[in-house]
Amino acid sequence: MENRRLILLLVFTFSLVMLWDAWTKHNQPPHTPNTAQSQPANTGVPSAPQVGQNAVAPAAVIPAAAERKTAPRVTVETDLLRAQISALGGDIVRLELLKHGSTEDPKKPYVIFDDGAQHLYLAQTGLIGEGLPNHNTIFTLPADKLELKEGQDSVALRMEATGANGVKVVKTLTFHRGSYVIDVSKEVQNGGSAPLNTSAYFKLTRDDKPLEQSHGFFGGARTFTGPAFYDESEKFRKVDFKDIANNKAKLPAPADDGWVAMVQHYFVSAFLPASGHREFFVQDVGNGVFSAGVKMPMEEIAPGQKASITVQLYVGPQEQKKLAELAPGFDLVVDYGWLTVIAAPLFWVLSWLYRLVGNWGWAIIALTVLIKLIFFPLSAASYKSMAKMKTLMPRMKRIQEEYKDDRMKMNQEMMELYKREKVNPMGGCWPILVQMPVFIALYWVLLSTVEMRQAPWLGWITDLSVKDPYFILPIIMGVTSLIQVKLNPAPPDPVQAKVMLFMPIFFTIMMAWFPAGLVLYWVVNNLLSIGQQWYITRMFGASASEAHHRT
């Protein structure tokens, strides 16, 4: 009995830790940058103090809002994207994902790059060197909107700018059908009389505010927002905005591989250089705005000659299979936390089931059945133990009455009874404890995978990644949990009996804020457990009754 009480205490403690962790992250104030710190982090990237001077990440990296608003723009639209490109730097200043609905209004496209309407989030490029075109240079734009037409596989936006000493830059953005990848190319023509040595930089600049507000108590507040880097030697690493602000950001060393990304809930943007030497950098721009990027040296360009460089820019959903095909380690931006070893294969099975049934809700139900089958031997043994415990209740009560004044003797007699009848008093706890890692891993799968975002099941469940809007599933979960408690043998201790009855209420309140897909999993699991438990208890009870009559 003391062991069972310990188990209950551990379950409650674990639940409270989860609640406290979610509450603190949900209610933490937004990062306030140190306005006195206007210089870049110590990353070895050249910098300059004023706008217009040539640098990878100048301190005043973002032009004034009025200047951004008044600069000419052109719109490029494909089957998946609608982008606005500014003449100022040829930057992508707004990008909408046409196949993904807005959090506030699913009928409207999801906006990821934004020029300050709700957030500041830009893709910027330029050259390093005195007077060379960078993200503060005005480029020429075509007059008309560009659109990917029927029969076309790609559409290209070509922009030009001229810098000092006759250096001309042609920047080309190529958009592809059925793809979230944009080819960013720079062709540099040396019109001067001396050889030109320069490097190109590619960076993502955004504020530190999450793009999506969290849903309820356990929403997106727990997911990471900020820069991430990857290289083969040090693998995947995330960099917190506050570490950049405090000059504590740890970046990969210069390498011949790797990429830089800006990660937020469900979506990611990343520059993915294919080959060539590169250096990574970050910078606190000020006022809660940060940059993360990569610098790549270009070959020396002789007078009258040209050189070019192309880097892929991905802007879109965190679809793991597609990300893995684009670059090594790119799928790691989908972060399942410390249970990745369980969550990753869980999502693979869930995706396979989805391809069979065509609905994520039914796929979750099918997954629950599979998990239940895997744990069937453990559950069956547990329910048999509980059924046997139920038949021993009269004898246990007699022992309690007989030794109510001698607790040590009572516990000794109880243990002798368990040993004699070959009953494990903790047997009923093991199925829950063993399934907890699977439960938490599934929570991270539902919270982190974009495939679940705005995925309907049936009726009122229009988004499995957020809480049930009418709390119907949590109530069903609570009722089925209460039925399970009633099917179990009541603890001899009245206090423990009350705790067991309170548990379904406690978990119903807690689960009311979890993703509906996770509650659906628990409801189906409860229903299957009730059926299995009722059958085993009934069969064991009949066997015990026959044995009693024979004796």
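Predicted model: local features only at pLDDT ≥ 70, side-chain atom pairs only at ≥ 80, totals over all residues.
Me: Which residues touch the most other members of the largest nonpolar core?

Reply: A nonpolar core is a set of buried nonpolar residues joined through their side-chain atoms. In this structure the largest such core holds 119 residues, and Ile85, Ile92, Leu95, Phe271, Leu313 and Phe330 touch the most other members. Helix α9 (residues 430-448) supplies the largest share of this core, ten residues.

Me: With which residues is Ile92 in contact, leaving aside its neighbours within four places in sequence?

Reply: With that exclusion, the contacts of Ile92 are Ala83, Gln84, Ile85, Phe113, Leu122, Ala123, Leu173, Ile182 and Leu313. There is also a second, separate core of eleven residues, which includes Met396, Tyr403, Met414 and Tyr418.

Me: Leu356 lies in helix α5. Why does Leu356 count as exposed?

Reply: A residue counts as exposed when its relative accessible area is over 50%. Leu356 counts as exposed because its relative accessibility is 58%.

Me: How is a pair of aromatic rings described?

Reply: The description rests on the distance of the centres and the angle of the planes. The structure holds 19 aromatic pairs. One of them is formed by Phe241 and Phe290, with ring centres 4.8 Å apart and planes at 25°, so this pair is stacked. The pair links distant parts of the chain, since Phe241 belongs to helix α3 (residues 241-245) and Phe290 to strand β16 (residues 289-297), 49 residues apart.

Me: Are Phe241 and Phe290 buried or exposed?

Reply: Buried means a relative accessible area under 20%. Phe241, at 6%, is therefore buried, and Phe290, at 0%, is buried as well.

Me: What is the geometry of the pair formed by Trp259 and Phe330?

Reply: Planes over 60 degrees apart count as edge-to-face. The pair of Trp259 and Phe330 is edge-to-face, with 5.2 Å centre to centre and 65° between the planes. Distant parts of the chain are again linked: Trp259 is in strand β13 (residues 259-264), while Phe330 is in the loop between α4 (320-326) and α5, 71 residues apart. Trp259 is buried, with a relative accessible area of 2%, and Phe330 is buried, with 0%.

Me: Which residues do ring pairs link into a cluster?

Reply: The cluster linked by ring pairs consists of Tyr180, Tyr230, Phe236, Trp259, Tyr314 and Phe330.

Terms used
Residues numbered from 1 in each chain as written. Heavy atoms only, no water. Core = buried A, V, L, I, M, F, W, Y, C linked by side-chain atoms within 4.5 Å. Buried < 20%, exposed > 50% of the residue type's maximum accessible area, 1.4 Å probe, protein only. Helix = DSSP H or I, 4+ residues; strand = E, 2+ residues; numbered from the N terminus. Contact = heavy atoms within 4.5 Å. Phe/Tyr/Trp six-rings, centres within 6.5 Å; stacked < 30°, edge-to-face > 60°.
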